Amino acid sequence: MKKLQPLRIQSGWKVTFNSFVELDPQELIDDDDEKWWEFNEDLLQLENIDKNLILDLGWYGERNLNSGFFKINLIKNLNWEKPLVEFISKEKNEIIDKIEECMNSY
C-alpha cells in the first residue's frame, strides 16, 4: 500500500477525498505503468465549509511527465467555471507548497 503525501492541513479545512501519494512523477519513467496509475484527475479534495471553499487536486493529461501535470483548483461557492486559483505544475513540491498556501491565504 502506498503512503499518502503528508500535508499540513490548516484549521477549518477537512479532507473529503485523498489518494495523493508520496510518489513523485519526476522520479518515474514513462513505462512504469503500475506506478503511473496512481496519477489521475481525483487525487485530493479539501473543503472549508465556513468559507464555502473546495480545493481540488488532480493529474491531467497523459500518465507521463512529458504531457501530464498536476492542477489545483480553488473553488468558491461551487463555481467550478471560475476558480479563485488555478495552478498547474509538474513539480510535486510546488504543488504541496501551493496547497498549503491556498489553505493559509483564503
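Predicted model: local features only at pLDDT ≥ 70, side-chain atom pairs only at ≥ 80, totals over all residues.

Colleague: Which element holds lysine 71?

Modeller: Lysine 71 belongs to strand E4.

Colleague: And is lysine 71 buried or exposed?

Modeller: Lysine 71 has a relative accessible area of 19%. Buried means under 20%, so lysine 71 counts as buried.

Colleague: What about asparagine 73, where is that?

Modeller: Asparagine 73 is also found in strand E4. Its relative accessibility is 8%, and it therefore counts as buried.

Colleague: What does asparagine 73 touch, apart from its neighbours within four places in sequence?

Modeller: Asparagine 73 is in contact with Ile54, Leu55, Asp56, Pro83, Val85 and Glu86, those neighbours left aside. Asp56 and Glu86 are also among the contacts of lysine 71.

Colleague: Let us step back to the fold. How many helices and strands are there?

Modeller: The chain has 2 helices and 5 strands. Read from the N terminus, their order is β-α-β-β-β-β-α.

Colleague: Which residues touch the most other members of the largest nonpolar core?

Modeller: They are Phe20, Leu55, Leu57, Phe70 and Ile99, in a core of 25 residues. The elements giving two or more residues to this core are strand E2 (44–48), strand E3 (53–60), strand E4 (69–76) and helix H2 (92–105). The largest share, 5 residues, comes from H2.

Colleague: Take phenylalanine 20, then. What does it touch, not counting residues up to four places away in sequence?

Modeller: The contacts of phenylalanine 20 are Leu4, Gln5, Leu7, Leu43, Leu44, Leu57, Phe70, Lys92, Ile95, Ile96 and Ile99, with those residues not counted.

Colleague: Now the loops. Which residues other than glycine have a positive phi?

Modeller: Asparagine 52 is one of them, with a phi of about 55 degrees. This residue is placed in the loop between E2 and E3, and at 38% relative accessibility it counts as partly exposed. Leucine 78 is another, with phi near 60 degrees. Leucine 78 lies in the loop between E4 and strand E5 (85–89), and its relative accessible area of 58% makes it exposed.

Colleague: And where does glutamate 27 lie?

Modeller: Glutamate 27 is in the loop between strand E1 (14–18) and helix H1 (33–36). It is exposed, with a relative accessible area of 65%. Its C-alpha atom is separated by 9.5 Å from that of leucine 65, which is 38 residues apart from it along the chain.

Colleague: Lastly, charge and surface. How far apart are the mean positions of the positive and negative charges?

Modeller: The mean positions of the 13 positive and 22 negative charges are 6 Å apart. The accessible surface comes to about 6500 Å², with 44% belonging to carbon and sulfur atoms.

Note on methods. Residues numbered from 1 in each chain as written. Heavy atoms only, no water. Helix = DSSP H or I, 4+ residues; strand = E, 2+ residues; numbered from the N terminus. Areas by Shrake-Rupley, 256 points an atom, 1.4 Å probe, with all protein chains shown as cover. Lys, Arg positive; Asp, Glu negative; His and termini not counted. Charge placed at Lys NZ, Arg CZ, Asp CG, Glu CD. Core = buried A, V, L, I, M, F, W, Y, C linked by side-chain atoms within 4.5 Å. Buried < 20%, exposed > 50% of the residue type's maximum accessible area, 1.4 Å probe, protein only. Contact = heavy atoms within 4.5 Å.
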